[in-house]
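Subject: Structure handover and notes

Dear colleague,

Here is the structure I promised to pass on to you, and below it you will find notes on what came out of going through it. Please keep the view open while you read.

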Amino acid sequence: MGYVISNSFSLEKALSLKPDVLVIPKVQYEALAEQLPRFAAAGIPVVVVDFNDQTIENHSKSIRLFGQLAGTEARAEKIAQEYADGIADIQQRVKAANQPKPKIYIEFGNRPLSKPGEGIRFGGVLKCMLINGGQTKSN
């Protein structure tokens with residue numbers, strides 16, 4: 001299919017597969033906005049998910065959308081709640097520990113990480129868990 005960000009995504013190939021639905025990340029939706037009406041014209045609904053915004057609200061909403069698509073709403077709700085509860089538990093433990101915020105380095109993928117709250121990847125998740133941010137290093 002290709003990758004939107006590297007300009008290798010093939011709209012024609014995607015349409016030729018005649019999917020029941022196109023699930024696309026928000027960043028790719030924005031990049032393909034002018035081309036997406038072709039999916040609607042072909043009767044293919046477009047569903048936008050957002051795991052890059054790095055908020056519990058958007059992650060949970062995206063999990064629930066997958067549950068709706070798969071007909072597994074109760075399971076998706078359980079996963080979304082466990083995710084939110086897990087973040088709340090980590091926040092509580094960090095707060096109760098009353099320790100200096102740690103420096104964190106995570107190596108993931110082929111692009112640099114962002115600082116807490118900036119860009120994509122784990123920045124927002126770290127910020128959320130460390131309450132008011134922490135120190136990170138990226139390469």
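From the N terminus on, the elements of the protein chain run α-β-α-α-β-α-α-β-α-β, which gives six helices and four strands; helices here are DSSP runs of H or I with at least four residues, strands are runs of E with at least two, and both are numbered from the N terminus. This is a predicted model, in which local features need pLDDT of at least 70 and side-chain atom pairs count only at pLDDT 80 or more, while totals for chains, interfaces and linings use all residues. Residues are numbered from 1 along each chain as its sequence is written, and side-chain values use heavy atoms, with hydrogens and water left out.

Confidence

The pLDDT, the predictor's confidence in each residue on a scale from 0 to 100, averages 79 over the protein chain, and 75% of the residues score at least 70. Over residues 132-139 the pLDDT is below 50, although this stretch has 20 contacts in the model beyond near neighbours in sequence; a contact means heavy atoms within 4.5 Å. Where pLDDT is low, the predicted coordinates should not be read in detail.

The chain as a whole

Of the 139 residues of the protein chain, 27% count as buried, where buried means under 20% relative accessible area, exposed means over 50%, and partly exposed lies in between, with a 1.4 Å probe and protein chains only. The accessible surface comes to about 9300 Å², of which 53% belongs to carbon and sulfur atoms; such areas come from the Shrake-Rupley method with a 1.4 Å probe, and for residues only the protein chains shown count as cover. Among contacts between residues at least 6 apart in sequence, 48% join residues at least 24 apart.

The nonpolar core and F39

The largest nonpolar core has 11 residues in all, namely V4, F9, L11, A14, L15, L22, I24, L32, L36, F39 and I44. Such a core is a set of buried Ala, Val, Leu, Ile, Met, Phe, Trp, Tyr and Cys residues joined through side-chain atoms within 4.5 Å. The elements that give two or more residues to this core are α1 and β1, and α1 gives the most, with three residues. In soluble globular proteins, nonpolar side chains tend to be buried together.

Leaving aside neighbours within four places in sequence, F39 is in contact with L11, A14, L15, L22, I44 and V46. L15, for its part, touches R38, F39, A42 and I44, not counting residues up to four places away in sequence. F39 and V21 are 18 residues apart in sequence and 8.9 Å apart in space, C-alpha to C-alpha.

Helix α4 (residues 56-70) has 15 residues and reaches 21 Å from its first C-alpha to its last, close to the 21 Å expected at 1.5 Å a residue, the expected span being 1.5 Å times one less than the number of residues. The buried residues in α4 are N58, H59, S60, S62, I63 and G67, and just after this helix G71 takes a positive phi of about 70°. Helix α5 has 25 residues and reaches 36 Å, close to the 36 Å expected, and its buried residues are A76, A80 and I87.

The aromatic pair

Rings of Phe, Tyr and Trp (its six-membered ring) pair if their centres lie within 6.5 Å, and planes under 30 degrees apart count as stacked, over 60 as edge-to-face and the rest as tilted. By this rule the count comes to one aromatic pair: the rings of F51 and F66 have their centres 6.5 Å apart and their planes at 20°, so the pair is stacked. The pair links distant parts of the chain, with F51 in the loop between β2 (46-49) and α4 and F66 in helix α4, 15 residues apart. F51 counts as partly exposed at 35% relative accessibility, and F66 counts as partly exposed at 38%.

Positive phi outside glycine

K18 has a positive phi of about 50° although it is not a glycine; K18 is found in the loop between α1 (11-16) and β1 (22-25) and is exposed, with a relative accessible area of 67%. N98 is a residue other than glycine with a positive phi near 50°, lies in the loop between α5 (73-97) and β3 (103-104), and counts as exposed at 67% relative accessibility.

With best wishes
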